[in-house]
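Welcome! Please take a moment to look over the structure below, and then we will walk through it together.

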Amino acid sequence: MATIHVDGKAYEVDGSDNLLQACLSLGLDIPYFCWHPAMGSVGACRQCAVKQYKDADDTQGMLVMSCMAPAKDDTIISIDDDEARDFRESVIEWLMINHPHDCPVCEEGGHCHLQDMTVMTGHDRRRYRFRKRTHRNQYLGPFIAHEMNRCITCYRCVRFYRDYAGGGDLGAFGAHDNIYFGRHQEGVLESEFAGNLTEVCPTGVFTDQTHSDHYTRKWDLQFAPSICHQCAVGCNISPGERYGDIRRIENRYHGEVNRFFLCDRGRFGYGYVNRSDRPRRPEWRDENGHEPVTLEVDAALERAADQLRTARRVIGIGSPRASLESNHQLRELVGDDNFSTGIVARELACLQVMNRLNRETGVATPTLREVEAHDAVLVLGEDLIQSAARLGLAVRQAVLGRRDALAEQRGIPGWNAEAVKTLGQDTFYPLFSAYPTATGLDVIGETTWRLAPDDIARLGFAVAHAIDDTAPAVDGLDPAMRDEAGRIAEALLAAQRPLIVSGGSLGSQAIIEAAGSVARALARRTRQAGLTLVRREANSTGLALLGGESLEWALKEIEADRADALVILENDLYQRLPQGQVDAALDAADTVIVLDHQRTGTWEHAHLGLPAATFAEGDGTLVSLEGRAQRFFQVFDPLYIRPETRIHESWRWLHVLKAGLERRSGADVTLDEVTRACAERYPALAGIVDAAPHADYRVEGLKLAREPHRYSGRTAMRANLNVSEPRAPQDPDSPFNFSMEGYNGFHRPRQEVAFAWAPGWNSPQAWNKFMDEVGGHLRAGDPGVRLLAPQPGDYTYAQDIPPAFTRRDDAWQVVVLPRLFGGEETSLRATPIAERAAPPAIILAAEDVQRLGLAEGEAIALETETERVVLPLNSSDGFPAGLVGLPSGVSAGMVSGIWGRLHAASADVVDHAPGVDRPPRTDREEDRP
Ligand code: SF4
Ligand code: SF4
Ligand code: FES
């Protein structure tokens, strides 16, 4: 700690900060541009000038850049000093010389850091009367729009893109007052984190292209605190809605999870909420398969109750993309013995192993923030940038952390970004990774191996044995691999905080067990090991805690005629099992009731379809891969703009359906009641009631506002239906109002913040006002509750070590490789994600391609007993011979570990390969206001 004096007042601050960070953390306003809490200082913009005095006798003082000066004990500064003020005003004036002053048509307007800082410095007159420098803009892909004239040359974009996120295709070109930030030539930005440029850039150079397509000012959007549903990491998001459409997703600060950044799937994959082909009313299809007819809610519920009442046995199929509350209500409806998690057996087994290891190894799962503090990482069987992108970004920071350690040894503060980078150059903490193909982190990896899944597991077991010889030895291990295992073991043991990362991406329990063994072996030698296990879907962890049978079990019960009715919750079975297997079960069932928000293959087979809320239209709880239960809140009421719709949360549908079945009245239920019932029912989920404030939570006696106080046009919003404005929708499920009435300030700490705003701070930088210190935690504590704590007890090393992979002459072992864009079913329904997804290909080892005499790009058919996939060939150096790689999302019947045959196929078949079709556009032109 240190005492600093600012404008005559003494403050206690963290002495390791720079003055800018220290002052902002105190709530004092200093304008700035190039400094960023996650990226440190470079002193480029000169905007943060303050007057610093040598001692109490110094009346002259000198201007310093507060971001480049340490907050040492007894530092005396003035923010209000006239010279400092004039200097800051001049800086803004210089920066504005070439700025187009196009705020009224600029998409950044209203949440622009440059606007805020211009107002803060008092610059309000333009004196420059000459021609402005102009640039040509570039096409940068479906996510990011480019308007280079707005640039103020702060260099934040390239620092984030290249240094923080490891991208290589965005740079600074030119010299003097003519610097260009873009690609060397037009084209899609390659980084999976490019969307963060829209928040990192303090002006409107990089804006959200998906938002442009249906643009709304920040103050006209309605928000709610939400959780990304696009993978298991559980990033906190702030979706904005207008006229019943999600218009944009921005980062919502969480001090332990995503902090400032999201991946592009999470940010741009929301289009499925807005699709015009979504089911919005109950649909009934008779047994002859005629076109469905729409029903009113009561009629739909009556039919559902009639069908289920006459059924002999009803099986419920849950979903890892639905909330805990919805899954719980389904289980209540059908009974414990009739509930399936909706997850295939192989994946469910992996999830159960992961939950067990999280408890039994005695090794904690670090939060993403904690991941960044680890100093050696072993990744077994995951390409993190593809399977859990934000976690991959955190691992990158961990590996780069070596630079900070070196800087500390030399007395260079960690915030002095350029000095730290120059000193560290390419010195990294050790990262070891084993995966069948190249991964997004290989470039900073010490050693990477391209191995078949069984060999990855063997490497892991060998490392565990090398660390602790009571762990089983690996029979027949190649001597070179034994040496490598020894080297990894040494590096992990030399580290203060080694981290093991693995997961279920390759569908191999052996890999996960191997990771658990390494973590356990380390835990015996060091106290600070970490174990992070990647799950696939937003609520995979939660479903494994809630429990239930596999999807195959559910289909078998129907096919074997032990049950005759199915209720399927937000789950497209065709994404999980081969078409024939799903068809057989759905055809055999007398009743199929589907709740979903998408018109999936499964929905098309439903006798009765009930339109479910997406994350944007409902509330619920998810459990992330770190075992954190987090609540997402309804962003908008779908009935307000479109009263003809009948969309409700699945848990609400199922609750009312159960009441109808039991011929009970009084079917009203609130989220709090369902969450509480779920927590009481499953001991492992007992903590979820505390994951977020309840509906009766108030600040200063007020509910919380979903809309900024400048929200406009509400009275006219439904004028096409009725000129008298109805009462705003009421929300019995959360502490949020569907209006601007309610608390939206930052003075009173609160965990759930729908949108960040503070007086004078309209941009995402306003999040600083909600933190205990800038870059720290939310003042009220970061939301969510951890459910998967390690438990004391004995851990016995896994003994089941697979034999080495041996290639076969007659068949190829399939490995399905996760992909960020295209590998997840809901986000793939968003047009920009579909555009960004690389065309799928079959991957073979370069040596196999050569041996077979095949050509790159040639159409190849991969056949198993049940499936046939035709795709172009992609040969890969280092890919293990004897394996065939397939990107995820192409065929549900192709799973890692099965064996298939390859044939040459005619090229025209490629166009019809599954997963290649582009979904229809996601925006609704017909009802756009
Ligand atoms: S493009 Fe934006 S982030 Fe990059 S230098 Fe210009 S103003 Fe800064
Ligand atoms: S890492 Fe996962 S949870 Fe986070 S933004 Fe990306 S898709 Fe969403
Ligand atoms: S923020 Fe200090 S120089 Fe840019």
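Domain bounds here come from an automatic or database domain assignment. This is a predicted model, in which local features need pLDDT of at least 70, side-chain atom pairs count only at pLDDT 80 or more, and totals for chains, interfaces and linings use all residues. Residues are numbered from 1 along each chain as its sequence is written, chains are lettered from A and ligands numbered from 1 in the order in which they are written, and side-chain values use heavy atoms, with hydrogens and water left out.

The assignment for the chain includes domain 1 (2-94) and domain 4 (359-536). Their C-alpha centres are 39 Å apart. Where they touch, 11 residues of domain 1 are in contact with 4 residues of domain 4 (contact means heavy atoms within 4.5 Å). Together, domain 1 and domain 4 bury about 500 Å², with 62% of it on carbon and sulfur atoms. Buried area is the accessible area (1.4 Å probe) that two parts lose on being put together, summed over both. Of the area that domain 1 buries against domain 4, 51% is supplied by Ser 41, Val 42 and Met 68, more than by any other three residues.

What about polar links? Between domain 1 and domain 4 there are 3 residue pairs in polar contact, both at pLDDT 80 or more. A polar contact is a pair of N or O atoms within 3.5 Å; within protein, one must be able to donate a hydrogen and the other to accept it, and residues adjacent in sequence count only if both atoms are side-chain atoms.

**Salt bridges**

Side chains of opposite charge can pair when their charged atoms come close. A salt bridge is a side-chain nitrogen of Lys or Arg within 4 Å of a carboxyl oxygen of Asp or Glu.

| Pair | N to O distance |
|---|---|
| Asp 124 and Arg 125 | 3.6 Å |
| Lys 421 and Glu 418 | 4.0 Å |

Asp 124 counts as exposed at 55% relative accessibility, and Arg 125 is exposed at 59% (exposed means over 50% relative accessible area, buried under 20%, partly exposed in between, with a 1.4 Å probe and protein chains only).

**Around the ligands**

Among the 13 residues around ligand 1, those that come nearest are Cys 151, Cys 154, Tyr 155, Cys 157 and Cys 201. The residues around ligand 2 include Cys 228, Cys 231 and Arg 390.

Definitions and conventions: Near = heavy atom within 4 Å.
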